[in-house]
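The following note sets out points for a colleague's reading of the model below. It begins with the sheet and its helices, and then turns to the cores and the charged pairs.

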Amino acid sequence: MIRSTFRLAPGLGPHLEARLWEAGITRWADFPDPSAVAISRPVDARIRRAIGMAEAFLSSGDAEGLAAMLPRRERWRLYGAFFAETVFLDVETDGDELVCVGLLDSLGPRFFMRDRDLDLVPAALSRSKLLVTFNGEAFDLGVLRRAFPRFRPPRAHVDLRHLWGRLGHAGGLKLLERETGLSRPPHLDGMSGGDAVRLWRAARDGDLAALRLLAEYNLYDAVDLRPLMDLGYNRIVERLRLPASPLPVAERGDFRYDMTKILLAL
């Protein structure tokens, strides 16, 4: 998808990009001589400069550089190029206090907890090039900034709440899971952030069963972002008739064994 993206050029909107695609100019390499497409010379020059910069960023694996060139709502387009280097994250809090973080990256799912290893989260995030959250712009990233004052949220970030909002979804993560067929185990069904707070307080007082249930709940929140990102990417590509190939959709079972190992190790 990213090599078919012309929104990298300053001031180039969706209508001109669509005109280029309709004219058969669907990849950077297709961009023609100025006489072959009805755009002004200044716009032509901006597009060519942007393609040159983007090629350099992509060749060096610089997702941040590419993200800085894209409008925020279009940064989902980075996923096709960086899906193998993406981290999926969810946090749980007690009031303003960050208590645990679940994430999924190329190393598999991981769980970080306050008073144990929460300080390792910024380093874990720095391993990946693209961050995916659900409602992270409004919640998770602010929590991380308060917990880790030196943490700087990446520009290469996709908030699935907004991506799925473009596809007509208006609810939260749990509703989206149900609508897309990602049902949770019965003992997690219906749990919410309020339950996570209750479990954290019990875990803090030494309740191991509560800790394991909290970790499992948090890990599902993080792990389910992967198939939801895959599905959302494919659906918006299809809906907008974009010149990109669909991605394989991850199966939750791919990560279940590792999640079980994490819970048993607590």
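1. In this predicted model, five strands form an open sheet in the order β3-β2-β1-β4-β5, and the pairing is mixed. Strands β3 (108-113) and β5 are the edge strands, each pairing on one side only. Direction ignored, neighbouring strands of this sheet are turned by 25 degrees against each other on average.

2. The antiparallel part of the sheet includes strand β2 (residues 97-105), which is joined to β1 by seven bridges. Within this pair, T93 stands opposite L98 in β2. In general, strands of a sheet pair through backbone hydrogen bonds, in either the parallel or the antiparallel sense.

3. Two helices deserve attention for their packing on the sheet. Helix α10 touches β1, β2 and β3, and its direction makes about 140 degrees with that of β1. Helix α12 (residues 253-265) touches β2 and β3, and the angle between its direction and that of β3 is about 25 degrees.

4. Parallel pairing is found on either side of β4. Strand β1 (residues 86-94) pairs with β4 in the parallel sense over three bridges, and T86 stands opposite L130 in β4. Strand β5 (residues 157-159) also pairs with β4 in the parallel sense, over three bridges, with V132 standing opposite V158 in β5. Between β4 and β5 the chain passes through helix α6 (residues 140-147), and this β-α-β crossover is right-handed.

5. The largest nonpolar core has 75 residues, of which F6, I47, W76, L78, F111, L160 and M229 touch the most other members. Helix α10 (residues 208-223) gives the most to this core, with eight residues. Another core, of 17 residues, lies apart from the largest one and has V87, V91, V121 and L144 among its members.

6. The surroundings of F111 may be inspected individually. Leaving aside residues up to four places away in sequence, F111 touches C100, V101, R116, D117, L211, A215, N218, L219, I262 and L266.

7. L247 is a loop residue, located between α11 (225-239) and α12. Is L247 buried or exposed? L247 is buried, because its relative accessible area is 16%, under the 20% limit. Its contacts, not counting residues up to four places away in sequence, are Y79, G80, F83, Y233 and N234. The C-alpha atom of L247 is separated by 9.9 Å from that of M229, and the two residues are 18 apart along the chain.

8. How many salt bridges does the model contain? The count comes to 20 salt bridges. In one of them, the side chains of E74 and R77 meet with an N to O distance of 3.0 Å. Both partners are buried, because the relative accessible area is 2% for E74 and 3% for R77.

9. E74 also meets R166 in a salt bridge, at 3.4 Å from N to O. This pair links distant parts of the chain, 92 residues apart: R166 belongs to helix α7 (residues 160-166), while E74 lies in the loop between α3 (63-69) and α4 (79-82). R166 counts as partly exposed because its relative accessibility is 25%, whereas E74 is buried at 2%.

10. A further salt bridge joins E177 and R184, whose closest N and O atoms are 2.9 Å apart. Why are both residues of this pair classed as buried? E177 has a relative accessible area of 2% and R184 has a relative accessibility of 10%, so each falls under the 20% limit. Elsewhere, salt bridges that share partners join R7, E17, R73, E74, R77 and R166 into one network.

Key
Residues are numbered from 1 along each chain as its sequence is written. This is a predicted model: local features need pLDDT of at least 70, side-chain atom pairs count only at pLDDT 80 or more; totals for chains, interfaces and linings use all residues. Side-chain values use heavy atoms; hydrogens and water are left out. A salt bridge is a side-chain nitrogen of Lys or Arg within 4 Å of a carboxyl oxygen of Asp or Glu. Buried means under 20% relative accessible area, exposed over 50%, partly exposed in between (1.4 Å probe, protein chains only). Helices (H or I, at least four residues) and strands (E, at least two) are DSSP runs, numbered from the N terminus. A nonpolar core is a set of buried Ala, Val, Leu, Ile, Met, Phe, Trp, Tyr and Cys residues joined through side-chain atoms within 4.5 Å. Contact means heavy atoms within 4.5 Å. Two strands pair if DSSP finds at least two bridges between them. A crossover is right-handed if, with the strands pointing away from the viewer, the path from the first strand over the helix to the second runs clockwise. Axes are lines fitted to C-alpha atoms, for helices over the stretch in contact, and angles run from 0 to 180 degrees between N-to-C directions.
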